[in-house]
Amino acid sequence: FLNRKERRRSSAHKTFRGDEFNLANNITILKMMAKNGERRIRFSDVCYKINKRGKMQERMLVLTDLSIYNIEPETLKIKRRIPLKDLEALSLSCFADNFIIVHVSSEYDYLFVSSRKTELAVYLMAAYEEILGITLEIRFGDRLEYRSDKNIAAATRELVFTKTDEGIQTQIVMKQSKTK
C-alpha cells in the first residue's frame, strides 16, 4: 500500500501472525471448515464489525483458503460466511486508521475495525488471487461507500475520514438516494 495509505510508525516493524488464535487445532472450527471443503486457516483475529445501525459488535474474523467467516467469539456460532469468489473489492482510507470494508458483489458489505487490517488485506488478496487467478481490487479514499444491509437500495452508507489537529475523525453518514 506504499504511498497510498499513511502508516503508524509502530506498524513498520509488525510481523504477520496469521492464525492468531491457533484455530487450526479447534475441533468446532475444523468441523465448520470441513462442511465447506476448506483445508487451511490463513488468518484469525478478534475485531469489531459495525452493523447496519452503526453499532460495534465484537467478532472473530476467520479467513480460510475459500471463505471469510464472521463468528460470535463467545459461542463460536457462525454469523456469516462469505465465499472469497463473491468478493468485489476491499476499501481502505488513505489515513493511519483501523477500518476496512469488504465489498461483497451479491450481498451487503462488511465494515470492520481491526488493528491488523493490513495483514488481513494482504492475506485476503493472496487467497483471492490463489483461487480466482486475478487480483482483488483495493480502493483507497477519504470517503468510502458501502452497502450496510440486505436491502441494498436503502442502505448505502459512506465512511468519511477527516484529518484534524487531534488526529483522524471518522463518521458514518447515510448516502442520499438519487431520484430521477
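Strands β9 and β10 (residues 156–164) pair in the antiparallel sense over five bridges. The model is predicted. Within this pairing, R147 stands opposite T156 in β10.

The two strands belong to an open sheet of three strands, ordered β9-β10-β11, with antiparallel pairing. β9 (143–147) and β11 (167–174) each have a single partner strand and stand at the edges, so one side of each is left without a neighbour in the sheet. From one strand to the next, the twist averages 20 degrees.

The protein chain as a whole has two helices and eleven strands. Read from the N terminus, its elements run α-β-β-β-β-β-β-β-α-β-β-β-β. Of the 180 residues in the protein chain, 46% are buried. Among contacts in the protein chain with a separation of 6 or more, 50% are between residues 24 or more positions apart.

The second largest pocket holds about 310 Å³ of space. Its lining consists of 18 residues, and K49, N51, K52, Y108 and S148 lie nearest the centre of the pocket. Four strands each supply at least two residues of this lining: β1 (41–50), β2 (56–64), β4 (77–83) and β7 (110–113). The table divides the lining of the second largest pocket by residue class.

| Class of lining residue | Number in the second largest pocket |
|---|---|
| Nonpolar | five residues |
| Polar | four residues |

Conventions:
Residues are numbered from 1 along each chain as its sequence is written. This is a predicted model: local features need pLDDT of at least 70, side-chain atom pairs count only at pLDDT 80 or more; totals for chains, interfaces and linings use all residues. Side-chain values use heavy atoms; hydrogens and water are left out. Two strands pair if DSSP finds at least two bridges between them. Axes are lines fitted to C-alpha atoms, for helices over the stretch in contact, and angles run from 0 to 180 degrees between N-to-C directions. On a 1 Å grid over the protein atoms alone, a cavity is a set of points where a 1.4 Å probe fits but cannot get out, and a pocket is an open set with protein on both sides within 12 Å along at least five of seven lines; lining residues have an atom within 4 Å of a point. Grid points are joined across faces, edges and corners, and a volume is the space filled by probe spheres set on the points. Ala, Val, Leu, Ile, Met, Phe, Trp, Tyr, Cys and Pro count as nonpolar, Asp, Glu, Lys and Arg as charged, and the others, Gly among them, as polar. Buried means under 20% relative accessible area, exposed over 50%, partly exposed in between (1.4 Å probe, protein chains only). Contact means heavy atoms within 4.5 Å.
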